[in-house]
Amino acid sequence: MTKDQCYYLGHIVSKFSFKGELQIKLDTDEPELYENLESIFVDYRNKLIPFFVEKSNLQKSNLLRVKLEEVDEEADADDLLKRDVYLPLSQLPKLGPDQFYYHEIIGFKAVDEVHGEIGSINFVNDQSMQALFFIDFNGREIIIPVHDKFIQKIDKEEQVIYFKTPEGLIDMYLED
């Protein structure tokens with residue numbers, strides 16, 4: 001299994017006990033969906049290593065306490081601290097027609113109500129305060145905030161996102 005076949009679930013932030021239990025800070029709006037995992041992949045030295053989950057339970061809103069098979073001692077748990085956790089893309093919860101995961105819209109055409117086709121979506125930065133679409137328009141970069149107010153329609157079949165951006169936003173990137 002490789003990272004491009006998976007999605008980021010969270011990060012191992014701490015040990016819970018001296019018996020090898022760990023706490024994973026989940027990166028999700030619906031942590032309860034992950035309370036009964038059978039297995040996870042841990043990024044260990046740039047390789048995804050599978051671990052079976054013996055037991056798990058949600059501690060706080062986004063902290064999942066897990067006991068992994070063959071992680072029975074504090075030293076084993078120490079070795080997994082501060083590592084990222086992944087799941088296969090096939091385990092992503094299904095979304096409605098007007099919802100999307102960032103990875104699935106890469107390459108979609110971006111069409112603005114005023115400017116027409118403005119390029120294709122290259123990247124979505126969700127690490128900043130406001131998530132941002134990065135759109136390639138003939139070698140120029142157009143940045144649009146990810147906000148329901150700016151997205152008119154998502155056509156997954158045709159791979160197009162229709163935008164209604166604030167006046168002047170697109171023009172700012174097209175000026176020489």
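These exercises with worked solutions cover the fold, surface, aromatic pairs and loops of a predicted model.

Residues are numbered from 1 along each chain as its sequence is written, and side-chain values use heavy atoms, without hydrogens and water. Because the model is predicted, local features need pLDDT of at least 70 and side-chain atom pairs pLDDT 80 or more, while totals for chains, interfaces and linings use all residues.

**Exercise 1. Burial, contacts and charge**

Task: state what share of the 176 residues counts as buried, then describe the contacts, the surface and the charges.

Solution. 
- Burial: 38% of the 176 residues count as buried. Buried means under 20% relative accessible area, exposed over 50%, and partly exposed in between (1.4 Å probe, protein chains only).
- Contacts: among those with a separation of 6 or more, 52% join residues 24 or more positions apart. A contact means heavy atoms within 4.5 Å.
- Surface: the protein chain exposes about 10900 Å², with 47% supplied by carbon and sulfur atoms. The areas come from the Shrake-Rupley method with a 1.4 Å probe.
- Charge: there are 19 positive and 35 negative charges, and their mean positions are 6 Å apart. Lys and Arg count as positive, Asp and Glu as negative; His and the chain ends are left out. Each charge is placed at NZ of Lys, CZ of Arg, CG of Asp or CD of Glu.

**Exercise 2. Aromatic pairs**

Task: classify the pair Phe-100 and Tyr-102, then the pair Phe-133 and Phe-163.

Solution. 
- Set the cut-offs. Rings of Phe, Tyr and Trp (its six-membered ring) pair if their centres lie within 6.5 Å; planes under 30 degrees apart are stacked, over 60 edge-to-face, and the rest tilted.
- Count the pairs. The structure holds five aromatic pairs.
- Phe-100 and Tyr-102 are tilted, at 6.2 Å centre to centre and 50° between the planes. Phe-100 is buried at 16% relative accessible area, whereas Tyr-102 is partly exposed at 29%.
- Phe-133 and Phe-163 have ring centres 5.2 Å apart and planes at 80°, so this pair is edge-to-face.
- Phe-133 lies in strand S9 (residues 132-137) and Phe-163 in strand S12 (residues 160-163), so the pair ties together parts 30 residues apart in sequence. Phe-133 is buried at 0%. Phe-163 is buried at 0% too.
- Join them. Phe-100, Tyr-102, Phe-133 and Phe-163 form one aromatic cluster.

**Exercise 3. Positive phi in loops**

Task: locate Arg-45 and Glu-70, and give the phi of Arg-45 and of Glu-70.

Solution. 
- Recall the background. Most residues other than glycine have a negative phi.
- Arg-45 has a positive phi of about 55°. Arg-45 sits in the loop between strand S3 (39-44) and strand S4 (47-58), and is exposed at 64% relative accessibility.
- Glu-70 has a positive phi near 65°. Glu-70 lies in the loop between strand S5 (63-68) and helix H1 (74-80), and is exposed at 70%.

Key. Helices (H or I, at least four residues) and strands (E, at least two) are DSSP runs, numbered from the N terminus.
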